[in-house]
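Dear colleague,

I am passing on the structure below, together with a short account of what was found in it. Please read the notes with the sequence and the coordinates open beside them.

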Amino acid sequence: MYSTFLLGDAGVQWGDFLFYLIMFIIMLLIVKHFAWGPVTKMMDKRATKISNDIDSAEKARKEAEGLAAKRQTALENSRTEAAGIIDRAKQNGEQQKASIVNAANEEVKTMKANAKKDIQQEKQDALSSVKNDVAELSIEIASKIIQKELTPESQKELVDSYIEGLGKQNGNR
Amino acid sequence: MFDDGSKIVKLFGLSFNVGNCVAGLVTAIIVCAVLIWLSRNLQMKPTGKQNILEWIVDFTNGIVKSAIPSAQGSNYGLLAFLLFVFIFVANQLGLIIQFVIGDVTYIKSPTASPMTTLTLAFMVLVISHIAGVNRFGFKGYVKNTFLSPMPVLFPIKILEQFTNFITLALRLYGNIYAGEVLLKLVFQMAQSHGILTFIPAMPLEMIWQGFSVFIGAIQAYVFVTLAMVYISQKVEKEA
């Protein structure tokens, strides 16, 4: 019991003192060479790598932001372009529609005009033929009337001839 | 009281405590083996055992940084790391194995002997003074360490060096030694009346062992923290 105290009956154990001192120094060297050195080196390396990674990540983030902005503007451009294309297409369609309708109207008009002309022509033809007929008829009637105003004999003759003529006509039919 | 099982051997005119030296050697071998095993196959992306090692390194570096915030601190990382690991393993060793042949204890906590803790504290103190001289030169070191904030405090400052040294060593020794003594007492109680005391002593021993593990960790942390504070007193300019 008493010898565990510093000033026990066996005196101070200077051997222990030296032993621990030397052992600790040797341990210090071993640990430094095999464990502490490599680990701290690795940790330092990792620290620098992480800081580098953070820097490069920052750079990459900035680049990505630039790209995103570019893409945004490109998107906007393409949107306006698309709107322009659609507008133009609409206008074209509108124009085409108008021209088609106009052409149709035009055609209808010309067809109407043609038809009217034709009708007029027909009418004219019909009228002129009627006129001829009327003229012939009136001439015939007139000639008949003129023959009637002759003597009764001649009138009789006329009637007879007429009848005869009718008969002939009937006979011919 | 009981026999502490120390055996003194005289060699080259120096007296060695066999149990103390063997236990210290075992601790040193365990520490070196574990640290070397942990530091094999290091990778940029830490996995498994490398994480353990890096966690310990970060932990002790944190202690150093909180005591010595200037760039000086990085010089003492290895010291703090090894002190912490060594004292922690030494504290736990006696809780795991007590190797006794006859009356002689061969393996116990090395830190349960005042010689061990005094050696470690002495080393820290010497390193702190050397660091102070290195940093400020001898004149500046004397001025910074003993004559500031005012020269009147010189005697107290001198005394403080000794109290620092003694308290640093004896705090660790006392905690661990008391823990082991109580473990032995509980064990003796378990043996004293057969089954009657054996059964209640079992949970008692387990509880105290658990508590000793906790104390061992705390004391390792406290020792390293104070060692770094003492070094910082020598290498940092006092405002």
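Predicted model: local features only at pLDDT ≥ 70, side-chain atom pairs only at ≥ 80, totals over all residues.

Turning to the two chains, the contact between them involves 33 residues from chain A and 49 residues from chain B. About 3,900 Å² of area is buried between chain A and chain B, and carbon and sulfur atoms account for 78% of that area. One salt bridge is found across this interface, namely the pair of A:Arg46 and B:Glu54, whose closest N and O atoms are 2.7 Å apart. As for polar contacts between chain A and chain B, the count is four residue pairs, with both residues at pLDDT 80 or more.

A further residue to look at is B:Thr117, which sits in helix 4 (residues 114-146) of chain B. The relative accessible area of B:Thr117 is 0%, so this residue counts as buried. Its side chain comes to 3.1 Å from the backbone oxygen of B:Pro114, and, when neighbours within four places in sequence are set aside, B:Thr117 is in contact with B:Thr111, B:Ala169, B:Leu172 and B:Tyr173.

Methods: Residues numbered from 1 in each chain as written. Chains lettered and ligands numbered in written order. Heavy atoms only, no water. Contact = heavy atoms within 4.5 Å. Buried area = accessible area lost by both parts, 1.4 Å probe. Salt bridge = Lys/Arg side-chain N within 4 Å of Asp/Glu carboxyl O. Polar contact = N/O pair within 3.5 Å; in protein donor to acceptor, adjacent residues only side chain to side chain. Helix = DSSP H or I, 4+ residues; strand = E, 2+ residues; numbered from the N terminus. Buried < 20%, exposed > 50% of the residue type's maximum accessible area, 1.4 Å probe, protein only.
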